[in-house]
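Visitor: I would like to learn how to read the features of a model like this one. Please take them one at a time.

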Amino acid sequence: ATEVASQANVTVTETTISRILWGDEQTVVMLENNDAIACKLLVGADGANSFVRNQAAFPLTFKDYGHTAIVANLRCDEPHGGVARQVFTPSGPLALLPMADPNLVSIVWSQEKDNAAALLSLDDRAFCAALTATCNAALGTMALATERFHFPLVMRYARQWLKTGGLILGDAAHTIHPLAGQGANLGMQDAFALADCLRDLEAAGKPFYRYRYLRPWERERKAQALKMVAAMEGFKQLFAGDDPLKKLVRGVGLMATDSLPGVKDRWVAQAMGL
């Protein structure tokens with residue numbers, strides 16, 4: 001937020017939107033503080049429960065994954081070394097994500113709803129003990145550095161992302177299971193692709209806010225999002241449960257990805273949007 005506010009061509013307004021008036025030549029954003037902002041193109045990057053998406057009446061497809069994500073920051077006895085770790089359990093994955101502090105990690109622990117409720121009912125000490133056991137004490141003993149938060153995991157996919165004068169991207173357009181941590185990457189790729197598209201339209205002197213000129217961006221990003229939705233559903237099914245055949249397939253697949261020349265590099269490039 002500090003970096004955004006420091007930009008000469010950015011104005012930060014701390015209020016909420018009350019209404020959006022869509023037009024062919026300009027879109028007007030009505031604010032709760034009685035101000036109004038007129039723009040050629042409104043970009044809704046306002047999260048999974050997007051107000052902009054609702055105001056635009058973009059239709060939404062969704063699916064309940066049946067999981068609850070538990071998130072928190074934890075302090076570890078042993079430094080994380082800048083390495084992200086993931087543990088797959090029969091009832092859902094646990095991700096340990098390194099933070100700037102060498103002994104601080106952020107967790108996303110996705111569990112079936114009943115298991116998540118049981119974990120959330122534990123006191124802090126018991127919760128940390130369960131977490132340490134689940135990751136086989138990979139970072140030694142862990143202690144909570146923040147409160148625990150939780151939210152249901154739901155796949156959302158907007159069937160329309162664009163109209164003249166406005167569009168949505170990131171979690172406003174798609175949310176996926178955090179199994180492979182690709183939700184944020186997918187949203188950033190939406191933004192990078194939009195920046196490229198707007199730059200090209202401006203250079204060509206075309207009205208960048210019109211549907212027909214932004215449609216190629218929407219078509220390409222929707223295709224990438226659908227691929228990721230399908231991939232995460234496949235991963236979720238593959239890594240769910242305790243079936244021995246699934247374990248064999250997972251083990252062989254992960255070892256092959258790690259060892260075959262070029263395969264891991266292709267996965268990394270795809271994840272980064274290169």
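**Reading the model**

Guide: Asp101 has a relative accessible area of 29%, so Asp101 counts as partly exposed. Buried means under 20% relative accessible area, exposed over 50%, and partly exposed in between (1.4 Å probe, protein chains only). This is a predicted model, in which local features need pLDDT of at least 70 and side-chain atom pairs count only at pLDDT 80 or more, while totals for chains, interfaces and linings use all residues. Residues are numbered from 1 along each chain as its sequence is written, and side-chain values use heavy atoms, with hydrogens and water left out.

Visitor: With which side chain does Asp101 meet in a salt bridge?

Guide: A salt bridge is a side-chain nitrogen of Lys or Arg within 4 Å of a carboxyl oxygen of Asp or Glu. By this rule there are ten salt bridges. In one of them the side chain of Asp101 meets that of Arg75, at 3.3 Å from N to O. Asp101 lies in the loop between β7 (92-98) and β8 (104-112), and Arg75 in strand β5 (residues 60-76), so the pair ties together parts 26 residues apart in sequence. Arg75 is partly exposed at 40% relative accessibility.

Visitor: How far apart are the closest N and O atoms of Asp124 and Arg148?

Guide: They are 3.0 Å apart, and the two residues form a salt bridge. Asp124 is in helix α4 (residues 124-134) and Arg148 in the loop between β9 (142-144) and β10 (149-158), so this pair ties together parts 24 residues apart in sequence. Asp124 is partly exposed at 44%, whereas Arg148 is buried at 18%. Arg199 and Asp200 form another salt bridge, with closest N and O atoms 3.6 Å apart. Glu25, Lys40 and Arg210 are linked in a network of salt bridges.

Visitor: How many helices and strands are in the protein chain?

Guide: Helices (H or I, at least four residues) and strands (E, at least two) are DSSP runs, numbered from the N terminus. The protein chain has eight helices and 13 strands. Of its 274 residues, 35% are buried.

Visitor: How do strands of a sheet pair?

Guide: Strands of a sheet pair through backbone hydrogen bonds, either parallel or antiparallel. Two strands are taken as paired if DSSP finds at least two bridges between them. Here, an open sheet of three strands runs in the order β4-β12-β11 with mixed pairing. Its edge strands, β4 (42-44) and β11 (162-163), each pair on one side only. β4 pairs with β12 (residues 166-168) in the parallel sense over three bridges, and Gly44 stands opposite Ile168 in β12.

Visitor: Is Thr175 buried or exposed?

Guide: Thr175 is buried, at 9% relative accessibility. Thr175 sits in strand β13 (residues 174-175). Contact means heavy atoms within 4.5 Å. Leaving out residues up to four places away in sequence, Thr175 touches Ala48, Val154, Met155 and Arg156. A polar atom of the Thr175 side chain lies 2.9 Å from the backbone oxygen of Val154.

Visitor: Which residues make the nonpolar surface patch of about 220 Å²?

Guide: Patches are made of residues with over 30% relative accessible area and no salt bridge; like charges are joined within 9 Å, nonpolar side chains (Val, Leu, Ile, Met, Phe, Trp, Tyr) within 5 Å. Areas come from the Shrake-Rupley method with a 1.4 Å probe, and for residues only the protein chains shown count as cover. The patch is made by Val4, Val10 and Val12. Val4 lies in helix α1 (residues 2-5) and is partly exposed at 46%.

Key. Polar contact = N/O pair within 3.5 Å; in protein donor to acceptor, adjacent residues only side chain to side chain.
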